[in-house]
Amino acid sequence: MFLSKLYVSAAHRSRGLPRAAFDFIETLCQAEKLPAIYLTVNKKNFHAIEVYKYFGFHQTDAVVTDIGSGFVMNDYIMQKDL
């Protein structure tokens, strides 16, 4: 499974919603016998990178994508093995 982005508002972080979201996604992926979960995160989003590492993700690659109109996504690809 590849998640392009996962947003959790600051107001919901203290309620355990990131953990609940990751647990839910992981359960779905395990039920489908998927080997891993992948997501992208902007290289400048240091807080998100640390959060994803806390939830068991590690950096596997980097990607630069021109999505049009001169806007370029400069992301890391993070992976969590199941």
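This is a predicted model: local features need pLDDT of at least 70, side-chain atom pairs count only at pLDDT 80 or more; totals for chains, interfaces and linings use all residues.
Figure 1. Residues are numbered from 1 along each chain as its sequence is written, and side-chain values use heavy atoms, with hydrogens and water left out. Of the 82 residues of the chain, 27% count as buried; buried means under 20% relative accessible area, exposed means over 50%, and partly exposed is in between (1.4 Å probe, protein chains only).

**Figure 2. How the chain is laid out.** There are 3 helices and 4 strands, and along the sequence they follow the pattern β-α-α-β-α-β-β. Helices (H or I, at least four residues) and strands (E, at least two) are DSSP runs, numbered from the N terminus. What share of the contacts between residues at least 6 apart in sequence joins residues at least 24 apart? It's 59%, with contact meaning heavy atoms within 4.5 Å.

Figure 3. H2 takes in residues 17–31, which makes 15 residues, and reaches 21 Å from its first C-alpha to its last, close to the 21 Å expected at 1.5 Å a residue. That expected span is 1.5 Å times one less than the number of residues in the helix. Which residues of H2 are buried? They are Pro-18, Phe-22, Ile-25, Glu-26 and Cys-29. Looking down the axis of H2, you'd find these buried residues within an arc of 100°, so they line one face of the helix. The arc is that of the directions from the helix axis to the C-beta atoms. As a rule, an α-helix has 3.6 residues a turn, so residues three or four places apart point the same way. Turned away from the buried side of H2 are the exposed residues Phe-24 and Ala-31. After H2 comes Lys-33, which has a positive phi near 60°.

**Figure 4. Helix H3, with a buried face of its own.** The buried residues of H3 are Ala-48, Ile-49 and Tyr-52. Seen down the axis of H3, they fall within an arc of 100°, so they line one face of this helix. They pack against H2, E2 and E4. Phe-46 and Tyr-54 sit on the other side of H3, and these are exposed. Just past the end of H3, Gly-56 has a positive phi of about 95°.

**Figure 5. The largest nonpolar core.** This core has 12 residues: Phe-22, Ile-25, Cys-29, Ile-37, Leu-39, Val-41, Ala-48, Ile-49, Tyr-52, Phe-55, Phe-57 and Met-78. The elements giving it two or more residues are H2, strand E2 (36–42) and helix H3 (46–54). A nonpolar core is a set of buried Ala, Val, Leu, Ile, Met, Phe, Trp, Tyr and Cys residues joined through side-chain atoms within 4.5 Å. In soluble globular proteins, nonpolar side chains tend to be buried together. Zoom in on Phe-22, which lies in helix H2 and is buried at a relative accessible area of 5%. Phe-22 is 33 residues from Phe-55 in sequence, yet their C-alpha atoms are 7.7 Å apart in space.

**Figure 6. Lys-80 and its partner Glu-26.** Lys-80 lies in strand E4 and counts as buried at 14% relative accessibility. A polar contact of 2.6 Å joins the side chains of Lys-80 and Glu-26. Polar contacts are pairs of N or O atoms within 3.5 Å; within protein, one must be able to donate a hydrogen and the other to accept it, and residues adjacent in sequence count only if both atoms are side-chain atoms. Not counting residues up to four places away in sequence, Lys-80 also touches several others, including Pro-35, Ala-36 and Phe-57. Lys-80 and Pro-35 are 45 residues apart along the chain, with 8.8 Å between their C-alpha atoms.

Figure 7. Gln-79 is found in E4 and is buried, at 14% relative accessibility. Its side chain makes a polar contact of 2.4 Å with the side chain of Asp-81. Asp-75 belongs to strand E4 (residues 72–81) and is buried too, with a relative accessible area of 5%. What does the side chain of Asp-75 reach at 3.5 Å? That would be the backbone nitrogen of Asn-42.
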